[in-house]
Amino acid sequence: MSLLITHIGELVTNDPAAARSGGLLGVRTDAAVVVSDGVVSWVGSAADAPAADEVFDAQGRAVIPGFVDSHSHLVFAGDRALEFQARMAGESYAAGGIRTTVAATRAASDEQLTAGVARHVAEMRRQGTTTVEIKSGYGLSVDDEARSLRVARRFTDETTFLGAHVVAPEYADDPAAYVDLVTGPMLAAAAPHASWIDVFCERGAFDEDQARTILAAGAAAGLKGRLHANQLGEGPGVRLAAELGLTAVDHCTYLTDGDVHALRDAGTVATLLPGVEFSTRHPYPSGRRLLDAGVTVAIASDCNPGSCYTSSLPFCIALAVREMGMTPAEAVWAATAGGAAALGRTDVGVLVPGARADLVLLDAPTHVHLAYRPGVPLVARTWTS
Ligand code: NIG
Ligand code: FE
């Protein structure tokens, strides 16, 4: 079964080979794409398009790769609207709020957790996200972390074990014992359902030594490492990610020049989460500073009930452009190819022959409209492989 999508006014390919004429996004105008059996099989000018079983006329609108959301926490129950309301009235964000969601998540049934993930994944899809990473981290017991990952795996292969989100309430007086639990029985129960392991390396959560220990145990169990770091203040997490050569480190809100240089030298992707700064009133980090230094930047949602309850990458793109010094092209790249880089993927985030057929049709002539028309539902439809 093949589908020809033709009369595409602007096709964002993210193809480095097309960058000379098409800029960072490898843009083609008056373009067409053929997809066959879930894979992009042909990209070119509408005038040269081959025949296909079905034809879709984009009528001059833009087509971009599906968004790759490389950071979300969708396995949870309840919400924290009252905490958000208090923050907007002047309270500050504290990692301790995570325990509120832990209590609600533990009390939920598997069916309730699954329905919640399904609802949020559908919400993401309507907004153009076709690849999503999902973390555990609101279970914080052996059984609740394992079931969180089992639920997440029903929706994506990009699952991340985040038992080291905060110290579980039962271990408040003995964090060392909690690290032993995370690196021992919890990891053993989680690893079969996870691809990645993550640690919230921040004051009030886990320190550098604990993060090293947990990431090393994860690596020994075959999990790839990533980190939440430098979200609430400067700290060791970003440098640790660079030292360990991790694929990506996420948040990166408070960075020293040394951190920026370490990211560049290591080739570690800096994943920026502008919805978090929106929802916590922390200052936005400068995407410009990272890009100018030669760091690869991704943008993700961090969708979670505490620090950032948006599932919308178009919203995050608009914030990155308005508040982080990024151009619309840089922000769209960061939410597609950048997200793919943050997951170590080459089959998504691009529209080139051989890539997965994950495409978004915009109700707009160009990608610029994603930032130019904030809050407007511009995703007309998606195709997924
Ligand atoms: O990525 N930073 C740590 N974890 C989440 C927040 C979780 C929460 O507040 O519930 C984050 O922002
Ligand atoms: Fe997060």
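I started with arginine 281, which is exposed, with 12 other C-beta atoms within 10 Å. For the cut-offs, I count a residue as buried if 20 or more other C-beta atoms lie within 10 Å of its own, exposed if 12 or fewer, and partly exposed in between, with C-beta atoms placed from the backbone. Arginine 281 sits in the loop between α10 (274-280) and α11 (287-293); helices (H or I, at least four residues) and strands (E, at least two) are DSSP runs, numbered from the N terminus. Its phi is positive, about 60 degrees, although arginine 281 is not a glycine.

A note on the model: it is predicted, so I keep in mind that local features need pLDDT of at least 70, side-chain atom pairs count only at pLDDT 80 or more, and totals for chains, interfaces and linings use all residues. Residues are numbered from 1 along each chain as its sequence is written, while chains are lettered from A and ligands numbered from 1 in the order in which they are written.

Next I looked up aspartate 30, in strand β2 (residues 28-36). Its phi is positive too, near 45 degrees, and aspartate 30 is partly exposed, with 14 other C-beta atoms within 10 Å.

Then the UniProt record: an unreviewed entry puts "binding site" at His71, His73, His228 and Asp302. They span 232 residues in sequence, yet no two of their C-alpha atoms are more than 12.1 Å apart, so they gather at one spot. UniProt positions follow the numbering used here, feature names are shortened, and annotations may be inferred rather than shown by experiment.

Histidine 73 is buried, with 28 other C-beta atoms within 10 Å.
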